[in-house]
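Me: I've got a structure open and would like to talk it through. Can you help me read it?

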Number of protein chains: 2
Amino acid sequence: MTAFNDLMAFQRETSALGQIAGRLGWDQETVMPRGATAQRAEEMAAIEAVLHARRSDPRVADWLEQAAPQDAVGQAQLREIRRAYDRAVKVPADLATAIARVTSAAQGKWAQARADEDVSAFLPVLAEVVSLKRQEGEALAQGGDVYDAMVEDYEPYTTSAQIAAIFDEMRPRLVTLRAAVLERPEPAALSGSFDERDQMRLSQKLAETFGYDLNNGRVDKAVHPFSSGSGLDVRITTRTSETDPFNCFYSTIHEVGHAAYEQGIDRDYLLTPLGSGVSMGVHESQSRIYENQLGRSRAFTGWLFDQMKEAFGDFGIADADAFYATVNRVHNGYIRTEADEVQYNLHIMLRFDLERALMAGDLQVSDLEAAWNDRFKADFGYAVDRPSNGCLQDVHWSVGLFGYFPTYSLGNVYAGCLYQALRGAVPALDAQLAEGDTSGATGWLRENVQQHGGLYAPREIIQRASGVEPGPEPLLGYLEEKFGGLYGL
Amino acid sequence: MTAFNDLMAFQRETSALGQIAGRLGWDQETVMPRGATAQRAEEMAAIEAVLHARRSDPRVADWLEQAAPQDAVGQAQLREIRRAYDRAVKVPADLATAIARVTSAAQGKWAQARADEDVSAFLPVLAEVVSLKRQEGEALAQGGDVYDAMVEDYEPYTTSAQIAAIFDEMRPRLVTLRAAVLERPEPAALSGSFDERDQMRLSQKLAETFGYDLNNGRVDKAVHPFSSGSGLDVRITTRTSETDPFNCFYSTIHEVGHAAYEQGIDRDYLLTPLGSGVSMGVHESQSRIYENQLGRSRAFTGWLFDQMKEAFGDFGIADADAFYATVNRVHNGYIRTEADEVQYNLHIMLRFDLERALMAGDLQVSDLEAAWNDRFKADFGYAVDRPSNGCLQDVHWSVGLFGYFPTYSLGNVYAGCLYQALRGAVPALDAQLAEGDTSGATGWLRENVQQHGGLYAPREIIQRASGVEPGPEPLLGYLEEKFGGLYGL
């Protein structure tokens, strides 16, 4: 057992250092003084260098060779340590450094190009990023599919062919549903002004309502909502807009989904490779089921309607049915992050197909804008009006995140599977949600998904929890039924 | 130059990691969720292990041997790197681990013993701490004076004999001054209630008034006020008590003194061994001169009186002269941290003599309480009523801080020297302070002390700035004049 124990002790320190790096990110987005940016960059680089050295430490290879775990959990720990080690040693140090340098510059150029609506100012550096990331993908793939190797960073044990099969099944039905919904009269949008301190108060209440443990977490404001940290210290952020309280509330519920996953993991896995969510897709399944299937349900929005009336008085929505329609209003738009449940996945599929083609060399960076605009017109029925509403809207590619986008939709697909099983397992679900009681739902998710952390591969945990092979049918059925009902289709 | 540059690059990463460890400490005292304590302990241990490994990295010895700095700044950098390296390699790893383990337990036992007023419950673990720290001191001293080696950790290039000579000169005059002041009628104490949010607002204004740069810092609340960080990210905390706004305001000004020192260091030294304050004593000279010589002056308190009337309305003090007397009220008490300018140093000298005797083996832990109580009676004229007001009041010894206490009084002595020189250099000082303008004072301190960071040894920087050999006469003269005037002596 010595080699196994030594490896786990080493790994535990590495996990603790990883938590520190994550907390520096939290600090930077919430409380860091503005003038500290340059120093923080050096601090982050220093701890990343320590982490990289540990991840590729030759002793890890020796320990892995000698370690003899005594149970399935130990084997899963070794599986994840081996995966991280193999990944760390495959990428040459100078390539990793070049990627860090170029993406750091590219992010600034992207922000400027987006502000200037100038695609051509971004394309040269994007071409560099694509070239370097393709080299990294080739180093990781070692003869296999380059894009698959990238997906592996965010969604391990999952191939792009599996994802494409799911997406190909979804796209026509979503295009059809979207078109049908948008031919119907639009529900009222929210209007008026909502005090931002009252929003934060209700936000805090919503976090607790969804089981977020404030003894091991906290809620702050940030420009972009996020969840950060694992184990005993899992913090979330949200944001407020005076005219759009739903942004605050549903950002909060979404991040609570991520945070509840991290908080719900078996404490035996604390600071081990199994002590964090297993993949971005499974993570997103938790945030999405909290936000959408639960948080935007007729039952829960009935409770939320009362909470909002209590916090803000009459805000011009007649009753709980009208409120439900307003919360779930489908509306034309260009921006992925503002999209509703019906349209969101169409935004993702567009990006998935384009980035996969970029990595395969089937699409050139110079043709990206035209390809984006053509695809958008085909799926959404109208033309992109300017680059900031089109191919310049997301930060991801500038910072080298290729293979990340599809995990958002995988999360929705997984949430669909889980929600189907949850409804079967908790017959009183709607009655509970109507009282603002999420414990039936969150308890089931904790028991069946969250507690396992990294123990099972992503598709395996979804299958174990939902009893079905992960696929898009439950999500599509849920969307067609929900929006069919809302829009009288 | 290669060895020198390699060493400085290595050192720069170490400094960045040190900043991260410091920021974790800030996080723990201000924003960390309560339930995260156990995880944070592992995180701190992990980064401390990284730091220790770097500080004692054998490459540092090689680089030090080969490095050829080209100027005095480079030589000073090497001097500080060598000092840290020598210190790191002298202490056996198992001894360092034992000290960390025992002091961690001792802190809890001290807190419980203090709550229970039970010295005997603390003495066994204190004896362990003393024994281990003495072993550490012997390892560091290598035949030299054990207590000197401990002082070196906090006040480099300074011997306990130098400190004792200063203290021996101070003690009789302070005892005399104290006794004379306390025979006179006592000024009114502050009474009433002061809104804590208004305290924090005025606190923030005071921080800016004393030149604290909020672009590279922030003010939060914590149980114990502190300043944390160097360079571009220097944060302070303060505290509020509804009945005692002076605690908030003077804690803030004190911490701003520390923070202004760190913020004022030449940016060329960022993340180098010269990029932090050179010693605890010089640090304390900045916090004390801000807090006392400037912040409690007749001129500045006149301005503060108006600020407080504006914030809180009439609070029962008739005029600025009465306010000045209230701010500087001398009052019997047992607790060091609550002591006024006249009595504070007597508390320190007591601790200095006792801890020096403990380390020399001239005082046994079992005799500590009696020795404390005898000395207190001798200097203050009345008996300690209970251990929490006596030898159990401070956390320092439980966590192994021996050699630290004298730096508080050294700071006061240095502040006395600096203030004497400042008055000569800025004739308009009082006129400026009366307008709430500290720029003459803080500009002079920045120019003559703060900007140099670790470039000069502690006594050298004070001598350069003040033009005199550091000694107690300026402080004693200042105290006798100030309190002689206030109390009509």
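Me: In which sense do strand 1 and strand 3 of chain A pair?
Reply: This is a predicted model. In it, strand 1 and strand 3 (residues 235–238) of chain A pair in the parallel sense. Three bridges link the two.

Me: Which residue stands opposite A:Asp220?
Reply: A:Thr237, in strand 3 of chain A.

Me: And how do strand 2 and strand 3 of chain A run?
Reply: Antiparallel, joined by two bridges. A:Ser228 has A:Arg235 of strand 3 as its bridge partner.

Me: What order do the strands take in the sheet of chain A?
Reply: The order is 1-3-2. Three strands make up this open sheet, and the pairing is mixed.

Me: Which strands are at the edges?
Reply: Strand 1 (219–221) and strand 2 (227–228) of chain A. Each pairs on one side only.

Me: What about the hairpin of strand 2 and strand 3 of chain A: how many residues are between the strands?
Reply: Six residues. In this hairpin, A:Gly229 takes a positive phi near 100 degrees.

Me: Are the faces of strand 3 of chain A covered or open?
Reply: Both faces are covered. A:Arg235 and A:Thr237 are buried on one side. A:Ile236 and A:Thr238 are buried on the other.

Me: Which helix lies across strand 2 and strand 3 of chain A?
Reply: Helix 10 (residues 245–264) of chain A. Helix 10 runs at about 160 degrees to strand 3 of chain A.

Me: New topic. How many residues does each chain give to the contact?
Reply: Chain A gives 32 residues, and chain B gives 32 residues. On the side of chain A that touches chain B, helix 1 (2–30) and helix 2 (37–55) are the elements that give two or more residues.

Me: How do the residues on that side of chain A divide?
Reply: There are 17 nonpolar, seven polar and eight charged residues on the side of chain A that touches chain B.

Me: Last one. Where is A:Ala428?
Reply: In the loop between helix 16 (405–425) and helix 17 (429–434) of chain A.

Me: Why does A:Ala428 count as exposed?
Reply: Because A:Ala428 has 10 C-beta neighbours inside 10 Å. The cut-off for exposed is 12 or fewer.

Me: How far apart are A:Ala428 and A:Tyr269?
Reply: They are 159 residues apart in sequence. In space, A:Ala428 and A:Tyr269 are 32 Å apart, C-alpha to C-alpha.

Technical notes
Residues are numbered from 1 along each chain as its sequence is written. Chains are lettered from A and ligands numbered from 1 in the order in which they are written. This is a predicted model: local features need pLDDT of at least 70, side-chain atom pairs count only at pLDDT 80 or more; totals for chains, interfaces and linings use all residues. Two strands pair if DSSP finds at least two bridges between them. Helices (H or I, at least four residues) and strands (E, at least two) are DSSP runs, numbered from the N terminus. Two residues are in contact if their C-beta atoms, placed from the backbone, lie within 7 Å. Axes are lines fitted to C-alpha atoms, for helices over the stretch in contact, and angles run from 0 to 180 degrees between N-to-C directions. A residue is buried if 20 or more other C-beta atoms lie within 10 Å of its own, exposed if 12 or fewer, and partly exposed in between; C-beta atoms are placed from the backbone. Ala, Val, Leu, Ile, Met, Phe, Trp, Tyr, Cys and Pro count as nonpolar, Asp, Glu, Lys and Arg as charged, and the others, Gly among them, as polar.
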